[in-house]
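Please read the points below beside the sequence and the model.

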Amino acid sequence: MTPATQAAHFINNRWTAPASGATLPVVDPSDGDIFAYLARGNAADIEAAVRAARTAHDGGDGPWGRFSAVERGRLMMKLAQAVVDHAEELALLECRDTGKPLAQARADTASFARYFEYYAGACDKLHGETLPYQRGYTVMTLRCAHGVTGHIIPWNYPMQIFGRSVGAALAAGNACVVKPAEDACLSLLKFAELAAAAGLPPGALNIVTGFGHEAGAALAAHPDIDHISFTGSPATGSVVAQAAAANHRPVTLELGGKSPQLVFADADLEAAIPVLVAAIIQNAGQTCSAGSRVLVEEAVHDEVVQRLAAAFAALRVGPGQADLDCGPVINARQRARVQGYIDQARAEGLQVAGTGTLAAAAPQSGFYVLPTVFANVPPAHRLAQEEVFGPVLATAPFTDEADAVRLANGTPYGLVAGLWTRDGARQLRMARKLHAGQVFINNYGAGGGVELPFGGVKHSGYGREKGFEALLGFTSLKTVAIRHD
Ligand code: NAI
Ligand code: MG
């Protein structure tokens, strides 16, 4: 049985029927067809998964808890290889499940493998310190796994977000319970099967599928989860953090953004324009770090808008498998939400500078939205303030550096910022002033490097994922003081 043809959780390395017997349809966003069913998990399924994870860890004595750092690293390298060996199958599943263009699904698969490779190499470099203290003492810190970690994953980049979260948690020695999004689970279920075959002990990785308000809420509130990591909307992030707070459990939240790209008159526009377009078009704009605002110095504003409009006019939208510039958005609700932003802004008379086109082959029943760039969007407008999570770009002019910083920082979010200028002193000044967890100068995203710590400030959340920093978040520090004279 392949995961796409059954409706089961993956608990203790076994396909496990949902306690309620209920299922959920899996819809292909490219044509709206149901092509599989998922298990609709509830609190009983979460309970079984948490118990399996606890037994696997068991304070360092369980079958997974006993793995030394070196052994964990070797096993994680096998998981990376398993992804590489099944890359095309995983990419095709991700493409169908999310509607993303095949090239994006392939890139996601490569990143997924890379997370396991990176964290494989990090397992045996994660260590505590010895601290200078009073005479007669030796003091050290131990980096301990939390134990059982919970992971609530969104639908936009299932493999990448699972990789950065579960990859780091496993590397630090935790056993994991994962609740993927109801809209995109299939690649992760397939991975769980591959991980078991590669030798990951039962209970080290458990996946319970289902709705957020059922399985997700049960996971966030479970008293025997030691840490929760969540990526998704600010509203759900608050609900998850409040549930975890009742048990005084730490949480990492990554809640998206309204990330600006600032283009100064001295920028290399030839280099900037394709990057500005890709930063909002990638994954149909359903990217937490999407560059959804372009702020341009007045002197080059009109030229930049014209060039963006020309680039948007060339964009083609169609089924994921057709591998065009843009696929559908994830579901009918998201389509209505994104189209609602566009229609409202048009109705208010906001200036549409350019749109893409729908490929003739795109089924009517798919969840397509035409990429749209709006010019001169007022800073207080919802298109300049709210995360649309679709292929919608808002541009606006700025007068000088101070104005640019004020506009860039003038939203509730602070995830990523892009800066295009050749002026080195300005690059350094602005990198410090921008409210963001990542600042990219004369590029955007730096190729998405798994090595680069990622996370936000303000309503974009807290805690850091990716890089070595993420490993630290999946441990707790224990101080051991020894008196010896
Ligand atoms: P969401 O935040 O509700 O869903 C994300 C995950 O949380 C899913 O796995 C979902 O099942 C789970 N979840 C939902 N309610 C829960 C609850 N009460 N307790 C525990 N888990 C729960 O986001 P949704 O509704 O899918 O998308 C709405 C908007 O959220 C998007 O338009 C976008 O603006 C934002 N979003 C941001 C993401 C990011 O990468 N930062 C990813 C997905 C959505
Ligand atoms: Mg799906």
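The points that follow concern the site of ligand 1.

1. This is a predicted model, in which local features need pLDDT of at least 70 and side-chain atom pairs count only at pLDDT 80 or more, while totals for chains, interfaces and linings use all residues. Residues are numbered from 1 along each chain as its sequence is written, chains are lettered from A and ligands numbered from 1 in the order written, and side-chain values use heavy atoms, without hydrogens and water.

2. Around ligand 1 there are 28 residues (a heavy atom within 4 Å), of which Trp 155, Lys 179, Glu 182, Ser 233 and Glu 387 come nearest. By class, this shell comprises 13 nonpolar, nine polar (Gly counted here) and six charged (Asp, Glu, Lys, Arg) residues.

3. Among the polar contacts (N or O pairs within 3.5 Å), an oxygen atom of ligand 1 lies 2.6 Å from a side-chain N or O atom of Glu 182, and an oxygen atom of the ligand is 2.8 Å from a polar backbone atom of Ser 233. A nitrogen atom of ligand 1 is 3.2 Å from a polar backbone atom of Gly 256.

4. The shell draws at least three residues from each of domain 1 (3-255 + 463-481) and domain 2 (260-449), with bounds from an automatic or database assignment.

Terms used:
Polar contact = N/O pair within 3.5 Å; in protein donor to acceptor, adjacent residues only side chain to side chain.
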